[in-house]
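Let's take a walk through a protein model together, starting with one residue and then stepping back to see the rest. Keep the 3D view open as you read.

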Amino acid sequence: MQRIYFVVIACLFMAGCSSTAPATTYSLQGDEFVMAFGSCNKQEMDNVLWDDILALNPSVWVWGGDNVYADTDDKREKRRAYEEQRYQDGYRELKKQVHVTGTWDDHDYGKGDGGGDYAYKEDAQELFLDFMDVPKNHPRRSREGIYHAEEFMTRLGKVRLIMLDTRYFRSPLTRNFGSGDKRYLPNKSPGSTVLGEAQWKWLETQLYNSNADFNIIVSSIQVLSDKHGFETWGNFPLEVEKLLNMIKDSKARGVMVLSGDRHISEFSRINVEGMAYPLIDFTSSGMTHTYEQFTTEENAFRVGGVVKEKSFGLLRLNLADKTARLLMVGDGGKVLQELKQGY
């Protein structure tokens with residue numbers, strides 16, 4: 001498939017941006033816009049999936065977080081981790097052929113389960129933007145947080161990709177020092193936040209002003225699965241309610257969530273009153289290592305089973321009939337699980 005590039009996006013990343021430049025134009029596979037994503041990728045381990053990703057010829061690769069593992073405050077060590085990943089043969093070949101974008105999670109941020117109180121987050125942002133080849137004079141360099149959005153134009157319509165930053169502004173987590181095996185407990189304080197005030201306002205603009213056929217929200221942590229006791233939007237239940245209401249009230253078309261972090265892959269789905277279609281949270285994790293000892297955990301929203309093999313996510317968004325095929329794909333191109341949804 002040959003891609004045709006016209007104009008690079010210029011405005012979508014900006015907070016409060018009310019208009020956008022013409023989006024880059026991409027060809028389709030039939031009537032489908034194809035996007036791949038993944039998370040939890042250790043740079044020093046075998047990266048076995050890049051050839052499988054390339055074989056499916058996606059238009060976009062989306063990093064979902066933990067793109068490298070660099071749990072260190074040392075800027076040089078963190079840069080070394082990114083450079084080791086940058087020069088992986090398979091990843092270098094992907095970058096030659098596929099548009100690359102994404103967000104981060106805690107291990108590329110620099111602190112396990114880290115949030116807004118991380119002292120070295122400005123250094124982390126600089127190194128992340130370097131890894132993503134964001135120009136030194138780009139406005140994203142002077143704004144706090146790495147949240148941004150991009151649009152992909154095709155002959156049948158367009159896809160908006162909205163990438164959240166669930167680290168830079170996030171309130172402290174509530175540790176469970178009592179009984180049970182849950183690491184964290186829900187924080188129901190009205191002042192607690194996942195995204196922070198400026199990012200919430202930006203997200204509202206992205207959803208309310210979107211005329212895209214599909215609006216894909218990338219959150220490094222899960223939005224719907226909220227009972228496992230690790231990191232999840234469910235640790236801030238008021239923020240979950242705010243997000244679901246915003247998606248519903250915006251009337252944005254074809255909204256779904258992509259997430260990572262958990263070292264397992266699963267589909268979660270919820271019916272939100274007032275929405276014409278269910279909201280899916282597609283978790284794809286991880287690429288180089290997984291929770292191989294996983295047996296079970298509660299998730300009232302799960303559709304299908306849990307995949308604990310190394311995998312990446314693939315989205316086939318049909319812009320003609322407004323349907324989506326969501327696939328978990330393993331080594332050798334094996335489809336491990338699939339979900340179809342109409343919009």
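Is aspartate 113 buried or exposed? Aspartate 113 is buried, with a relative accessible area of 15%. Here, buried means under 20% relative accessible area, exposed means over 50%, and partly exposed is in between, with a 1.4 Å probe and protein chains only.

Before going on, a word on what you're looking at. This is a predicted model, in which local features need pLDDT of at least 70 and side-chain atom pairs count only at pLDDT 80 or more, while totals for chains, interfaces and linings use all residues. Residues are numbered from 1 along each chain as its sequence is written, and side-chain values use heavy atoms, leaving out hydrogens and water.

Now zoom out to the whole chain. You'll find seven helices and 16 strands in it; both are DSSP runs numbered from the N terminus, helices being H or I with at least four residues and strands E with at least two. The radius of gyration is 19 Å, close to the 20 Å that the globule rule gives for 343 residues, so the chain is as compact as a globular protein of that length. That radius is taken over C-alpha atoms, and the rule is 2.2 Å times the number of residues to the power 0.38.

What share of the chain's 343 residues is buried? The figure is 59%. The accessible surface comes to about 13,900 Å², and carbon and sulfur atoms hold 48% of it; areas like this come from the Shrake-Rupley method with a 1.4 Å probe, and for residues only the protein chains shown count as cover. Contacts, meaning heavy atoms within 4.5 Å, tell you about the fold too. Take those between residues at least 6 apart in sequence: 73% of them join residues at least 24 apart.

Next, the charges. Side chains of opposite charge can pair when their charged atoms come close. The structure holds 25 salt bridges, each one a side-chain nitrogen of Lys or Arg within 4 Å of a carboxyl oxygen of Asp or Glu.

Arginine 183 sits in the loop between β7 (174-175) and β8 (184-185), and aspartate 113 in the loop between α4 (106-109) and α5, so the pair ties together parts that are 70 residues apart in sequence. Arginine 183 is partly exposed, at 33% relative accessible area. There's one more thing about aspartate 113: its phi is near 60°, a positive value in a residue other than glycine.

Another salt bridge joins glutamate 126 and lysine 75, at 2.8 Å from N to O. Glutamate 126 belongs to helix α5 (residues 121-131) and lysine 75 to helix α2 (residues 75-86), so this pair links parts that are 51 residues apart in sequence. Glutamate 126 is partly exposed at 28%, and lysine 75 is partly exposed at 25%.

Stay in helix α2 for a local pair. Arginine 86 and glutamate 83 both lie there, three residues apart, about one turn of the helix. The closest N and O atoms of their salt bridge are 3.2 Å apart. Arginine 86 counts as buried, at 14%, whereas glutamate 83 is partly exposed, at 30%.

Now find tryptophan 50 in helix α1 (residues 50-55). Tryptophan 50 is buried, with a relative accessible area of 2%. Which residues does it touch, leaving aside those up to four places away in sequence? Among them are Trp61, Trp63, Tyr91 and Met287. Tryptophan 50 and glutamine 88 are 38 residues apart in sequence but 9.5 Å apart in space, C-alpha to C-alpha. Glutamine 88 is in the loop between α2 and α3 (89-97), and is buried too, at 18%.

Last, look at two backbone details. A cis peptide bond joins serine 285 and glycine 286, with omega about 5°; glycine 286 is in the loop between β12 (279-283) and β13 (302-307). Aspartate 261, in the loop between β10 (255-259) and β11 (265-270), has a positive phi near 80°, and counts as buried at 11%.
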